[in-house]
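Keep the structure open while you read.

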Amino acid sequence: MSAPKAYMNPYFAGFLLGIVLLTTIYITGRGLGASGGVKAVVQYGVEQVAPEHYNNTPYYANYKENNPGSPLQNWLFYEILGVLVGAFFSGVLGNRIALKLEKGPGVQNKTRLIFAVLGGALFGFGSQLGRGCTSGSALSGMGVMSFGGIMTMFAIFGGAYLFAWFFRKLWINKVN
Amino acid sequence: MAPLVPDMISPEFDFVIAFIMGIGFGYVLEQAGFSSTRKLVGLFYGYDFTVLKVFFTAGVTAMIGVLFFGHIGLLNLEMIYINPMFVWSAVIGGLIMGAGFIMGGFCPGTSLCALAVGRIDALFFIIGSVGGILLFTEFYPAFEELYKAWNIGAPKINDVLGMSEEAFGLLLTLVAIGAFVGTSWIQDKVKGETTVITASLKRNYTIAAVAPVLIILLIWITPSKEERLLSTVESRFENNDFEGIRTMNIDKLAFELMYHAHLYNVIDVTETDSLPESIPTSMHIKLSELRKPQFLNIIKQQYKTNVFVSSNKATAEKAAILAEEIGDKNPVIFTETVSNFRTLIFSVEAPPKGANKAMIDQYRFYMNANIHLKKMEERLKNLMEPPKKEVRKAKGGCA
């Protein structure tokens, strides 16, 4: 297998991403997202596993009201399916498809996976509390000049910088 | 006028759009290197600022595009989704997400990309996020208070900062360019190397930096399509330019309503929120709202003639000019005020003794109109309002 190709120039990639976002806003009036798509899957799971619980809990009932039919009848669910397909295409073109685990230098696999789950859980929870993640809130919010979206963006990146020092051993070798 | 959903593209087809846009989204994220967790986290340790460059460029590009399409009247900015702001949940949720970012090395979108190219750690991140989301939805009552606290609506940042959209756009673009230069310098320092930028790349970067600034300046100094439309209306009104517009007086309007009401759309354009009474059969659309997209099909329809009436003649005249400008082929100005119409028709005075035939004929006509139109008004009472066309603002957000 040949070596992975270089990534796209970041500014050009950013420009293309901006065009995708702009097209989405132009056509649908809404931005992109990610956590909402995962949420749709979670709602679907709850509905399938515990239908009675799903129907009797106000939060799910409210969600159902906004997404009549199946929880998967959701814009962001179809969008994240597209994300998987698009990223796979790109990975194939860039020779980057490989079953592997990426981590900081000297970090054990087990540690990496434990922190991946923990980080995912925090991000998942935070995205619900903050009404959107880096895609739906921060990126799309910037595109439409939403104050809320931009503040969430500052909180996300600010938070990551704030906690970066504590988790430096996960990612960098030397401690400066 | 965009957004195209739901009026031009059905909500069902919207899911197909979602899938296609998702492909573009995933493709670009992966191409940019966002499937690599070390590249993402590099932002927070200073060794790789790709995330900032991609993210900021994308935001600025989309923002300028939105401003541009709004400026040339192709995109209705009032209809697009603006994320609501609940101060506490945005800040606390954001900080929690930041912690998740640094611990997990992904955000939800990038974890999906990494999964697509086979990263096992991304799979674990996604499993974690499923758990995190489930935790929130299962125990929602416990978080509800925080979730709903301090809602300040859905303000736009330029309004919060008290500047125009163009000014903020320019500011953000300049901040972005400054950040790109600054972070490239930091990255070189952290890695202890010098990135060589070739002459051709330098030229491209200069163009890429100057172009958005120029576009925003153009948007800023040229009048938008809407501003041009309004100034055309004003100047035509000032110059008494009523080309292509007919007029109608009280007798004519009363006659037409009595016998051919089905041919006319009487639109009362008075600038008021509560209209006590108007011309029978009329609907009320304020002059300032006449160009809203939901009224466009009334203005442009060809089967009825639009008659613009108002409690003040100038308003009716401006409305007719505006309607003509946006595509009404045959607008009509009612040359009298609504109250004059009602006084004349609904409080008919008997002619004096010894009146001539013409005066008696006129009296009869008014009496006839009085009976006819009063009946009509009774019957149509509930139709005074314009047809309720539901304006659905785009839904959005991620939660």
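Arg291(B) has a relative accessible area of 25%, so it counts as partly exposed (buried is under 20%, exposed over 50%, partly exposed in between; 1.4 Å probe, protein chains only). This is a predicted model: local features need pLDDT of at least 70, side-chain atom pairs count only at pLDDT 80 or more, and totals for chains, interfaces and linings use all residues. Residues are numbered from 1 along each chain as its sequence is written, chains are lettered from A in the order in which they are written, and side-chain values use heavy atoms, without hydrogens and water.

**Salt bridges**
- Over all chains, the structure holds 17 salt bridges (a side-chain nitrogen of Lys or Arg within 4 Å of a carboxyl oxygen of Asp or Glu).
- Arg291(B) pairs with Glu226(B) at 2.7 Å, N to O.
- Glu226(B) lies in helix H11 and Arg291(B) in the loop between strand E3 and helix H13, so the bridge ties together parts 65 residues apart in sequence (helices, H or I, have at least four residues and strands, E, at least two, as DSSP runs numbered from the N terminus).
- Lys318(B) meets Glu234(B) at 3.4 Å, N to O.
- That pair ties helix H14 to helix H11 of chain B, 84 residues apart in sequence.

**Burial**
- Glu226(B) is partly exposed at 41%.
- Lys318(B), at 21%, is partly exposed, and so is Glu234(B), at 34%.
- Arg342(B) is buried at 12%, and Glu377(B) is buried at 19%.
- Arg342(B) and Glu377(B) form a salt bridge, with their closest N and O atoms 2.9 Å apart.
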